[in-house]
Amino acid sequence: MDAQELLQSVPLFQGLDKQHVAVLAKFCHERSSVVGDVIVREGESGLGFFTISTGQVEVTQQRRGRDERLRHMGAGEVFGEIGLLTDHPRTATVRATEPTTCLVLTAVSFNNALERSPEIAGPLLKTVAGWLVEAEDRASAHL
């Protein structure tokens, strides 16, 4: 699967037309990791967004002084969406559990793409706003 096809499958970008996804794809690069490599580390500044092309990773978080495994992820899954929009520190560590290749869109590259095609921002804001509404609905259901 090429960069454009991978990005079109990402929920954050599904509201974009193919032309805008193609713009974003031009700003992506591949990053390969071997077993045990830390791809992102909890507490560090968010570099950007990752789509797993091949391989598998585990996601862990420090709880009570220990690494707690949250989940495994594989090809087609994504992490770091918020890293595109803010420099908020990573909330978890992601480590390769087998040879893994990720498609990376850094926050700097994402901002460059938005400068080149500012009309991309509208559909993205609509998607993120929808996520916020869903989160508020889930939170109010637990009250």
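Student: Why is Cys-28 called buried?

Tutor: In this predicted model, Cys-28 has a relative accessible area of 15%. Buried means under 20% relative accessible area, exposed over 50%, and partly exposed in between, with a 1.4 Å probe and protein chains only; Cys-28 is therefore buried. Because its value is 2%, Cys-102 is buried as well.

Tutor: As to conventions, residues are numbered from 1 along each chain as its sequence is written, and side-chain values use heavy atoms, with hydrogens and water left out. Local features need pLDDT of at least 70 and side-chain atom pairs count only at pLDDT 80 or more, whereas totals for chains, interfaces and linings use all residues.

Student: How do you know how many disulfides the whole structure holds?

Tutor: The search finds zero. A disulfide is a pair of cysteine sulfur atoms within 2.5 Å. The sulfur of Cys-28 has its closest cysteine sulfur in Cys-102, at 12 Å, so the two are too far apart for a bond.

Student: What makes Arg-69 and Glu-58 a salt bridge?

Tutor: A salt bridge is a side-chain nitrogen of Lys or Arg within 4 Å of a carboxyl oxygen of Asp or Glu. The N to O distance between Arg-69 and Glu-58 is 2.8 Å, so the pair meets this rule. Because Arg-69 lies in strand β5 (residues 66–74) and Glu-58 in strand β4 (residues 56–63), the pair ties together parts eleven residues apart in sequence. Strands are DSSP runs of E of at least two residues, and helices runs of H or I of at least four, numbered from the N terminus.

Student: Are Arg-69 and Glu-58 buried or exposed?

Tutor: Arg-69, at 54%, is exposed, whereas Glu-58, at 13%, counts as buried.

Student: Which other pairs meet in salt bridges?

Tutor: Among them are Glu-68 with Arg-63, at 3.0 Å from N to O, and Arg-71 with Glu-77, whose closest N and O atoms are 2.5 Å apart. The count comes to five salt bridges. Glu-58, Arg-69 and Arg-95 are linked in a network.

Student: Why do β1 and β6 stand at the edges of the sheet?

Tutor: Four strands form an open, antiparallel sheet in the order β1-β8-β3-β6. β1 (29–33) and β6 (78–79) each have a single partner strand, so one side of each is left without a neighbour in the sheet.

Student: How do you know that β1 and β8 pair?

Tutor: Two strands pair if DSSP finds at least two bridges between them. β1 and β8 (residues 100–106) have five, in the antiparallel sense, so they pair. Glu-30 stands opposite Leu-103 in β8.
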